[in-house]
Amino acid sequence: MKPILIIGKTPPPIGGVTIYVERLLSLAKRNKLEYAFYDLNKFNLPSFIKSIRCARNAHLNTSSSYLRLLFTILCKLFATNSIITIHGNLGRFGLVKNICDQISISLADYPIVINADSYKKAIKLNKKTKLISAFIPSFTEKKLPMHINDAINEIIKRTDLTFCTNAYKRSFDKNNNEIYGIQFLISFFSNRPNLGLIIADPSSSYKNIYNNLPNNIYIIGEPVSFIEILKLSDCFIRNSSTDGDSLSIHEALQYHTPVIASDIVDRPSEVLLMKYSDQYSLEDNLK
């Protein structure tokens, strides 16, 4: 029996939760913490139940409301201390998933949320709720492939300023808004040839749609280090319709890259705020 069971997925695919889990495991190793890891990529119900039954403490990292509920119920049954990190803004789903999250938070021994808005909601359900950033600094980063590095540098040469953004994959929120606001940004920068836009799209879901872009916009349709992209950029834009505690924003600030982000959740004080997919709001920030 290890002191803690860490449950989650590591890349691929690249996303905020998978990167967090990867860095959490790396941090545990560096600090010589004894732990066991349950890989949700290999999930099956019997092994999941057994791993929780054999654990003293278990920490779940997932975006699935249903899995969070199952996890907290199992932990209660087996007297396992349950830790859940809500990677996203609490209440962002429809009725059923939101109710699942509310029950999970109520049952969990240690619920963790990653922004102030979520904390205000969660603390009413469980007084043990903690507000902790999901940002864990990276220890190592792979250099960009040569063809991607060259393509970015070409855009830097031909434009006055180079911006970057990213998207885990093309997806929509409960109001059918495009979560990462990429379509808006492509439209915005298409009309401004003096400004460059780099889009990190590890799933290729945007690259497969946008085949004929102006030469000031470049979509990277494969998994690469976003930190290396931030280092080459003048500014990072996070035009999201919903969010938790964006890993990419913290990475940008760590490397002193200015950030413009939508004001749909609380952001670090250094961030310039814009309205989601609002042309005039973004223009004001660019000025």
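Buried means under 20% relative accessible area, exposed means over 50%, and partly exposed lies in between, with a 1.4 Å probe and protein chains only. This is a predicted model, in which local features need pLDDT of at least 70, side-chain atom pairs count only at pLDDT 80 or more, and totals for chains, interfaces and linings use all residues. Residues are numbered from 1 along each chain as its sequence is written, and side-chain values use heavy atoms, with hydrogens and water left out.

Start with Glu178. It sits in the loop between β7 (161-166) and α7 (182-190). Helices (H or I, at least four residues) and strands (E, at least two) are DSSP runs, numbered from the N terminus. Is Glu178 buried or exposed? Glu178 is buried, yet it has no salt bridge. A salt bridge is a side-chain nitrogen of Lys or Arg within 4 Å of a carboxyl oxygen of Asp or Glu. The nearest side chain of opposite charge is Arg170, 4.9 Å away. Here Lys and Arg count as positive, Asp and Glu as negative, while His and the chain ends are not counted.

Glu178 does have a polar partner. Its side chain joins that of Tyr206 in a polar contact of 2.3 Å. A polar contact is a pair of N or O atoms within 3.5 Å; within protein, one must be able to donate a hydrogen and the other to accept it, and residues adjacent in sequence count only if both atoms are side-chain atoms. Leaving aside neighbours within four places in sequence, Glu178 is in contact (heavy atoms within 4.5 Å) with Ser171, Phe172, Gln183, Phe184, Tyr206, Ser241 and Tyr276.

Take Ser171 from that list. Ser171 is found in the loop between β7 and α7. At 16% relative accessibility, Ser171 counts as buried. With neighbours within four places in sequence again left aside, its contacts include Glu178 and Tyr206.

Now turn to the salt bridges. Side chains of opposite charge can pair when their charged atoms come close. How many salt bridges does a search of the whole structure find? It finds 12. One joins Lys157 to Glu154, with the closest N and O atoms 3.7 Å apart. Lys157 and Glu154 are three residues apart in helix α6 (residues 146-158), which means about one helical turn separates them. Lys157 is exposed, at 66% relative accessibility. Glu154 is partly exposed, at 37%.

Helix α8 (residues 226-232) holds both Glu228 and Lys231, three residues apart, about one turn of the helix. Their side chains meet in a salt bridge of 3.1 Å, N to O. Glu228 counts as buried at 9% relative accessibility, whereas Lys231 counts as partly exposed at 43%.

Asp243 and Arg267 also form a salt bridge, their closest N and O atoms being 2.9 Å apart. Asp243 lies in the loop between β10 (235-238) and α9 (247-254), and Arg267 in the loop between β11 (259-262) and β12 (272-274), so the pair ties together parts that are 24 residues apart in sequence. Both Asp243 and Arg267 are buried. Elsewhere, salt bridges that share partners join Arg23, Glu141 and Glu251 into one network.

Next come the strands. Strands of a sheet pair through backbone hydrogen bonds, either parallel or antiparallel. Two strands count as paired if DSSP finds at least two bridges between them. Ile7 has Leu60 in β3 as its bridge partner.

Finish with β8 (residues 195-200). Six of its six residues are buried, so β8 is largely enclosed by the rest of the structure. Leu195, Leu197 and Ile199 are buried on one side, and Gly196, Ile198 and Ala200 on the other. Strands β7 and β8 run parallel, joined by six bridges. Thr162 has Gly196 in β8 as its bridge partner.
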